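Morning, everyone. Please have a look at the model on the screen, and then I'll walk you through a few parts of it.

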Amino acid sequence: MEPEQPSPDTEHESLHEEQHLPPPTLWPIGFAIGIVVVLVGLVINPELISSIGAVIAIVFGFLWARDATAELRGQPLVVEPERREMREAGEGMTAPPADQQGVALPPVPETAVTRSRFLEGATLGLGGVIGGLITVPVAGFALLPSFLSQKQHKVDLGPLSTFPLNKWYIATFTVDPMQGEVSRRTAFIRNNGTVTDSKGNASPSFTIISNRCAHLGCPVQANGPTGQKFTGNPSITEHTDNGRVDLESVLPAGYGCPCHGGQYDPEGNRIAGPPVRALDRYAFEVDNGRLILLSTYSVAKVVGTGAQAKIYKYKQAGPGQHVDGPEQWFYPLQPPHH
Amino acid sequence: MAVRRKPTKAELRRQRMEELVNFPLDWLEERSGLIGGVRYFLFRNVPADVNWMQTLGSAALTAFLVQAITGVILAMYYVPSAATDPATGKPVAWESIVNISDGVFMGWLVRGMHRWGASVFIILMFLHMGRVFLFGAYKYPRELNWIIGVLILVMGMMEGFTGYLLPWDQTAYWATVVGINLNGTAPFLGPWLAQFLRGGQEIGGETLTRFYSLHMLVIPGAIMALIGLHLYLVIRLGVTSPPWSKDAAGMEPEQEEEPRLRPGLTRPVPRPAGASALQAEPGGRE
């Protein structure tokens, strides 16, 4: 094998390489626009817009081809060299080096943006814009749905007459029938009778305690016997708009959490273990003589019992979060709840 | 020119076999440099007194690869749906796990490897971490690799947390309730983080699909990238001697005659076996 030497052919090519460079031309851009119009037209209006696009593409394609083949057809090429604007030497400019005075290099302003620097900036800038355009919707899609449209669920627990005065029931119900079994929740319910406010309006009073532990959200259980044998009240299963509702009678001496041993009294006050506050409660309304559960709220503590209880109410907070005392300052902003 | 013995048939056959094996390797090397890179990775120098303890990192890597492969297979059969199967009244995700364990051929084995391998991975990472700590291998210039290793450990634990929910049974559900609420008690952003992880206010179908995506796409991708960086730094910085080594840490052996250049510059590209034979015969061919 001979060591490689430039063959006459390649030498010839390299010598004339410059002349093979086509002059800068705008025709391909017009051609590309024509193609885009054709494609858009295929979606919008194949007859009219696509025809217009085709005409544009053909015209510019023809001009482009004519330009590109000019040399082959023997027409002289006129290639304008790229020029930069000449400026008078002055402040912010560097004079040409002394030994190159004869070459008459134009003075380059120090602040001038060179071609490569411009392209670098344009690449980074456009890349950033494109990256942003992609990232923003994707990040929004990933993050926002967790916080938007948290709709309130109302749970129908049946007629008020189901709940005898001052008797506790463990109610198990489906909050969101669409979600199915995974949205089964439990609450401890006691009918406190009617309460009359200072204006003399009588309204029914219920104590409805969520069984979500205020420590880390495990299900607390009632400490006490259940069923008719011990409580004297039958357990009931009803079917309402929200599906099956189970009511099990119970005599709670308090509530205990199986996970980490949190203990509560029958009003939901923490009496032992790691919970940071009392058990949450459900707001409720009475609609057509039926008990309707609304959303939950958090409770720091409860003083007194039943209808006379003074409840220290707070906005719903997650388990383990303090709602009162200095520790509440750790949670200044809560995500949107229903 | 020296008279050469004619090669025997056996020699010719051997030569042909070598060419057959070498050709694809040379083809690849010439175009990518991959063969040289792999050789550099596998045959690099390590201290003479390395220790079995120093295989713990490779063991952890192997455990991760087992998790990746068994995970891919499990993903072929697992259905991340919290919906209730109307035929049985059971959640679809839980049923698909039962199917993997009881129905799919050898499914119990693959699931068992994934389930127990998860613990093996974490344990090996901790042992590896302990080895690095006790050997002082986290010191200059390897601090960054310690940090990357810690990130891999955290990612591995996140894998454990997200993977635990997927069987969608009572253990999975309540462990995730507690885990997310633990995150929720972090100051300031905790409640927001918890709600993001749940995909809403309550754990439900969205939590399951979200955890599945994190478990099999996001976190493994991050772990792979971090392992790549980790190995790059191991190769670049070299393996540390044990603390009882007589060689001072970080010292090169006696300077070789040729100065050591950066890898890739000194190593000759392996030439095809046939080419060297041809070059040895000047005038053999034009």
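**A hairpin, some helices, some turns**

Let's start in chain A: in strand 6 of chain A, A:Ala202 is the bridge partner of A:Thr196. Before going on, a word on the model: it is predicted, local features need pLDDT of at least 70, side-chain atom pairs count only at pLDDT 80 or more, and totals for chains, interfaces and linings use all residues. Residues are numbered from 1 along each chain as its sequence is written, while chains are lettered from A and ligands numbered from 1 in the order in which they are written.

Helices (H or I, at least four residues) and strands (E, at least two) are DSSP runs, numbered from the N terminus. Two strands pair if DSSP finds at least two bridges between them.

Back to the hairpin. How many bridges join strand 5 of chain A to strand 6 of chain A? Eight, and the two strands, residues 184-196 and residues 202-210, run antiparallel. Five residues sit between the strands of this hairpin, and A:Gly200 takes a positive phi near 90 degrees there.

Staying in chain A, look at A:Asn166. Its place is the loop between strand 3 (155-159) and strand 4 (168-174) of chain A. Phi of A:Asn166 is positive, near 60 degrees, in a residue other than glycine. Is A:Asn166 buried or exposed? A residue is buried if 20 or more other C-beta atoms lie within 10 Å of its own, exposed if 12 or fewer, and partly exposed in between, with C-beta atoms placed from the backbone. A:Asn166 has 12 other C-beta atoms within 10 Å, so A:Asn166 is exposed.

The expected span of a helix is 1.5 Å times one less than its number of residues.

Over to chain B. Chain B has 10 helices and zero strands. Of its 286 residues, 24% are buried.

Take helix 3 of chain B, residues 56-77. Which residues are buried in helix 3 of chain B? Among them are B:Gly57, B:Ala60, B:Phe64 and B:Leu74. The buried residues of helix 3 of chain B pack against helix 4 (92-103), helix 5 (107-134) and helix 9 (205-237) of chain B. Contact here means that the C-beta atoms of two residues, placed from the backbone, lie within 7 Å.

Next, a helix pair. Helix 1 (residues 9-32) and helix 2 (residues 34-42) of chain B pack at an angle of about 95 degrees, with their axes 6 Å apart. Axes are lines fitted to C-alpha atoms, for helices over the stretch in contact, and angles run from 0 to 180 degrees between N-to-C directions. That makes helix 1 of chain B roughly perpendicular (65 to 115 degrees) to helix 2 of chain B. Residues making the contact include B:Leu25 and B:Leu28 of helix 1 of chain B, and B:Leu34 and B:Ile35 of helix 2 of chain B.

Last, two loops in chain B. B:Met106 is in the loop between helix 4 and helix 5 of chain B. B:Met106 has a positive phi of about 60 degrees, although it is not a glycine. With 10 other C-beta atoms within 10 Å, B:Met106 is exposed. B:Pro141 lies in the loop between helix 5 and helix 6 (143-165) of chain B. The peptide bond from B:Tyr140 to B:Pro141 is cis, with omega near 5 degrees.

Notes: Angles under 35 degrees count as roughly parallel, over 145 as roughly antiparallel, 65 to 115 as roughly perpendicular and the rest as oblique.
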